[in-house]
Amino acid sequence: MNAFERNEKALDILSKGKFLQAQQLFFENVRMAPSHETYNNLGWYLFTEGLECKNGKVRNAEKLGTYYLQKAESIRHTSVNLNNIAYVMEIQRNLAYCQTGVENRDLCRAAYEYTEKALQLKYSNEAEYNRLRFLYLCDSRSTEVLSGLEKLSGQFDEPDCIEFLLNVLCIHARLHECLERLAQYRDKLDELCLMSLYCICGEYEKGAGLCGRIYEKYTLRHVDIAMLADCLIRSGQSEKALTLKQAWQEDAAPETKKAAQAFCREADRIFDSAAYRAELIQGYRFRPPVIPLCGYFGCKRHGTPAVEEH
Ligand SMILES: [Zn+2]
């Protein structure tokens with residue numbers, strides 16, 4: 001079996017959920033045929049799936065995975081590998097953000113530079129979306145993000161991309177344009193996304209119209225509740241707002257009584273105080289999700305090449 005065949009077999013086995021066998025083949029490939037491609041594939045496997053140890057336990061192996069991804073990078077540059085390293089940074093960024101609530105702009109900037117290099121080697125709409133997203137996380141008011149999204153959305157009208165564009169239009173106070181495009185793409189967007197954009201753009205009645213379906217479907221953050229309450233109250237539907245608040249408060253009987261009481265107090269505050277709602281809504285910051293890319297060379301399912309030629 002040569003390196004390509006072993007890689008093909010590893011990916012085939014992996015797609016059937018046989019992790020240990022796939023892991024052994026990726027390691028074997030690195031031993032028998034060390035190269036940019038085999039290092040990258042082992043690194044991506046370890047980073048995303050972990051390392052199955054002799055006792056059968058699967059351990060987080062992000063560190064070892066990153067080591068192999070960087071080893072691949074030291075040999076040559078490919079879009080697959082550079083995008084993978086940007087993804088490693090995204091995981092680090094996200095972890096830091098969850099722990100501290102503060103964005104690590106250095107990491108965003110570094111990830112942005114990796115995606116930019118990757119795009120110069122090979123373009124894809126998904127990678128371009130991720131590049132603009134990292135730039136947005138560095139600077140949400142960047143005009144390059146806006147112009148980039150306007151261009152990208154013409155050829156890539158996936159919901160993530162459209163939602164990103166509409167929110168960025170709002171950030172640049174281009175509300176009229178946001179509403180025009182909202183009408184155009186309405187069917188692609190979920191109710192929560194639509195309601196928040198209607199609220200930001202001041203179309204309160206339209207936002208309020210979605211309240212039934214939003215109540216049925218979603219568990220909301222405080223800022224979402226504030227937006228929905230704002231839509232209802234500002235469009236003169238105070239009674240409906242009260243009914244909704246009571247329904248939520250009745251639903252709130254989770255793990256502890258204390259948590260339920262805290263939620264009820266928070267709901268009272270949101271519905272009673274326009275100033276508090278404004279404070280929550282002003283603190284709202286749209287966070288676009290990353291689009292995961294296939295990180296393996298020679299993946300038939302995603303059509304990545306066995307070797308990336310430049
Ligand atoms: Zn794949």
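Visitor: Is the crossing of α14 and α15 right-handed or left-handed?

Guide: This is a predicted model, and in it the crossing of α14 and α15 is right-handed. The contact is made by A229, L232 and I233 on the α14 side, and by S238, K240, A241 and L244 on the α15 side.

Visitor: And what classes do the residues of that contact divide into?

Guide: In the contact of α14 with α15 there are five nonpolar residues, along with one polar and one charged.

Visitor: At what angle do the axes of α14 and α15 cross?

Guide: Helix α14 covers residues 222-234 and helix α15 covers residues 238-251, and their axes cross at roughly 150° and come within 7 Å. Angles over 145 degrees count as roughly antiparallel, and α14 and α15 are therefore roughly antiparallel to each other.

Visitor: Switching to α16, how do the axes of α15 and α16 cross?

Guide: Helix α16 takes in residues 257-272, and its axis and that of α15 come within 10 Å, crossing at roughly 170°. The two helices, α15 and α16, are therefore roughly antiparallel to each other, and their crossing is right-handed.

Visitor: Which residues in α15 meet which in α16?

Guide: From α15 the residues are A241, K245, W248 and Q249, and in α16 they meet C264, A267 and F271. By class, the contact of α15 with α16 has five nonpolar residues, one polar and one charged. A241 is named in this contact, and A241 is also listed in the contact with α14.

Conventions:
Residues are numbered from 1 along each chain as its sequence is written. This is a predicted model: local features need pLDDT of at least 70, side-chain atom pairs count only at pLDDT 80 or more; totals for chains, interfaces and linings use all residues. Axes are lines fitted to C-alpha atoms, for helices over the stretch in contact, and angles run from 0 to 180 degrees between N-to-C directions. Helices (H or I, at least four residues) and strands (E, at least two) are DSSP runs, numbered from the N terminus. Angles under 35 degrees count as roughly parallel, over 145 as roughly antiparallel, 65 to 115 as roughly perpendicular and the rest as oblique. A crossing is left-handed if the near helix is turned anticlockwise from the far one by less than a right angle, and right-handed if clockwise. Two residues are in contact if their C-beta atoms, placed from the backbone, lie within 7 Å. Ala, Val, Leu, Ile, Met, Phe, Trp, Tyr, Cys and Pro count as nonpolar, Asp, Glu, Lys and Arg as charged, and the others, Gly among them, as polar.
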